[in-house]
Amino acid sequence: MLCCICKEREATVHLTQIAGDKMQKVDLCEECAKTKGVNDPTGFSLADLLLGLGASQEIEQASGGAEVKCPRCGFTQADFKKAGRLGCPDCYRTFADALEGLLKTMHKGTRHVGKVPEAMRQSRDLAERLKTLQKRLAKAIEQEDFEQAAVLRDEIKQASAQLPGPAKA
Amino acid sequence: MDIHEFLTPPAEMARRKGPYDRIVMSSRVRLARNLRDAAFPGWAKKMERVRVMEMIVPAVQALPDMKDHYAESMDNLSTLDKQILVERHLISREHAAKSAGSGLVLNRDETLCFMVNEEDHLRMQALRPGLQLRQAWEAIDHADSLLEKKLEYAFTSELGYLTACPTNLGTGIRVSAMLHLPGLVLAERINPIIQSVNKLGLAVRGLYGEGTEALGNVFQVSNQMTLGESETAIVERLEKVLAQIIEHEEDARATLIEKKAKMVFNHIGRAYGILANAHSISSKETMNLLSLMRLGVDIGLFPGVDRALADELFILTQPAHLQKQHSEKLSAEERDLLRADMLRERLKHVSRPIAKPNPPGGAELDKPQK
């Protein structure tokens, strides 16, 4: 088995990390293990190492070898391979497919849980409220309850006026 | 203003108290944030980085908690200044390497520190002495909530806060504590602890974070995963793990005193001997020996000596802090001589460790005698 970093020397150091129900494995040669600080348990973390290794490969596979480039900032998969970092917030959309697998191995989940910026939360709540109102409006029209429909229409108008950007209703 | 006039003197810093500070030296919560309409710092051109900095710095300066603050662009700080900030754990080593287009904003009591254009546009951290993860989280959460009104963050409801490195995606949070664990190291119980902490998905690192040695028996424990778990859940998980590590450390100390007292006293006595009498000493050796002296204070071998002395010397003897006290540029050898001079001077009135711990000082270790 060859070392998964230099891909030249025979791997003699085999590491397995189990976090929760996820198992990650790395095979390294002695030299790469040394440079990555594997022998020093205090300075070493498998996830850091895996990130550098896995990320670029995943992206390469997902793209089927074709050059994927972020339309906004011009960042490419080759850049990602080199830096291990993305170019701009839009890169998350550009490289979405490739990142999904990577995120799965790296994190607890693939969907954000936790803090949401207040403005975002408000517009999300508002969007949800609009949806409900529109459903009720459709129902009222169906039942030919035009009085109720008029009330609902006004409410929708009011709510969509609060939405940032062009009104969507 | 000069950064050195702004920074709290090490003597004062070392006297700050917090819960469990026998073992937990400090708590920290860091959030990573980016602006929606700019490339991440590592990819952005200098002009764009400057534009980002000009948007972020005033917003940070306007925070009520930052009324009295220090703000500077990294290119206006000397290498020595930056190194001092690293030794104080206020900025990362990565940030110290930055120059034009990156900046720093620090509040008066050094409990809030904002790094602009480090790996992300904004890295903000709250620091507290002792074990105060929740308080640190609340402080930084508050600052973040005020900032989001002025700055348009890169955020999506699926992936959360978007960060330059996918490892920070989601909450962008890193919750960490710096622990002094000489008992576990001396009892040779540290490795299994590190391994089991790793298995819980938490990272254990050395004194200066990623890829550094555990100098002075100081370890940093932090979360690694940031996506799919809420901030409060992460804080709670770390609190639980830290409570266990604290228990293990206390237990290791108690067991050592009970079963291998001579070995422990020998280590501490020799540490004192060298620190108080050496004429040349490296910073690494100093840290390792000060750690033993700190342990000696904890278990009552140095009656009348405050732990703050060890903590103060821990800061003062580091290379950049030592250099700062001398106007001429020092070589490593010269620093070792001056470091030893300082230690001999500061420990002149500290009596050598007593042969047996005094009960009041070592109260926590009072086990019923058989």
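Five bridges join strand β2(B) to strand β3 (residues 103–107) of chain B, and the two run antiparallel. Within this pair, B:Tyr70 stands opposite B:Leu106 of β3(B). A strand here is a DSSP run of E with at least two residues, a helix is a run of H or I with at least four, and both kinds are numbered from the N terminus. Two strands count as paired if DSSP finds at least two bridges between them.

Some ground rules come next. The model is a predicted one, in which local features need pLDDT of at least 70 and side-chain atom pairs count only at pLDDT 80 or more, while totals for chains, interfaces and linings use all residues. Residues are numbered from 1 along each chain as its sequence is written, and chains are lettered from A and ligands numbered from 1 in the order in which they are written.

Back to the sheet. Eight strands of chain B make up an open sheet in the order β2-β3-β4-β5-β1-β8-β10-β9, with antiparallel pairing. At its edges sit β2 (69–73) and β9 (202–205) of chain B, each of which pairs on one side only. On average, neighbouring strands of this sheet are turned by 15° against each other, direction ignored. Such angles run from 0 to 180 degrees between N-to-C directions, using axes that are lines fitted to C-alpha atoms, for helices over the stretch in contact. As background, strands of a sheet pair through backbone hydrogen bonds, either parallel or antiparallel.

What about strand β1 (residues 24–33) of chain B? This strand is mostly covered, with 10 of its 10 residues buried. A residue is called buried if 20 or more other C-beta atoms (placed from the backbone) lie within 10 Å of its own, exposed if 12 or fewer do, and partly exposed in between. β1(B) pairs with strand β8 (residues 173–180) of chain B in the antiparallel sense over seven bridges, and there B:Leu31 has B:Ile173 as its bridge partner.

Strand β4 (residues 112–116) of chain B pairs with β5(B) in the antiparallel sense over five bridges, and B:Leu112 stands opposite B:Ala126. The hairpin of β4(B) and β5(B) has five residues between the strands, and B:Asn117 takes a positive phi there, near 55°.

β9(B) is joined to β10(B) by four antiparallel bridges, with B:Val204 partnered by B:Val221.

Chain A looks like another story. The secondary structure of chain A comes to seven helices and two strands, following the pattern β-β-α-α-α-α-α-α-α along the sequence. Of its 169 residues, 26% count as buried. Helix α6 (residues 118–142) of chain A has 25 residues and reaches 36 Å from its first C-alpha to its last, close to the 36 Å expected at 1.5 Å a residue; that expected span is 1.5 Å times one less than the number of residues. After α6(A) comes A:Glu144, whose phi is positive, near 55°.

Where do the chains meet? The contact takes 47 residues from chain B and 40 residues from chain A. On the side of chain B that touches chain A, α8 and β9 of chain B each supply at least two residues, and α8(B) gives the most, with four. Two residues are in contact if their C-beta atoms, placed from the backbone, lie within 7 Å.

Finally, the inside. The largest nonpolar core has 121 residues, and those with the most contacts inside it are A:Cys88, B:Leu133, B:Ile140, B:Leu179, B:Ile268 and B:Met293. Apart from it lies another core, of seven residues, among them A:Cys3, A:Cys29, A:Cys32 and A:Ala33. A nonpolar core is a set of buried Ala, Val, Leu, Ile, Met, Phe, Trp, Tyr and Cys residues joined through C-beta atoms within 7 Å. Leaving aside its neighbours within four places in sequence, B:Met293 is in contact with B:Ile268, B:Ala271, B:Tyr272, B:Leu275 and B:Ala310.
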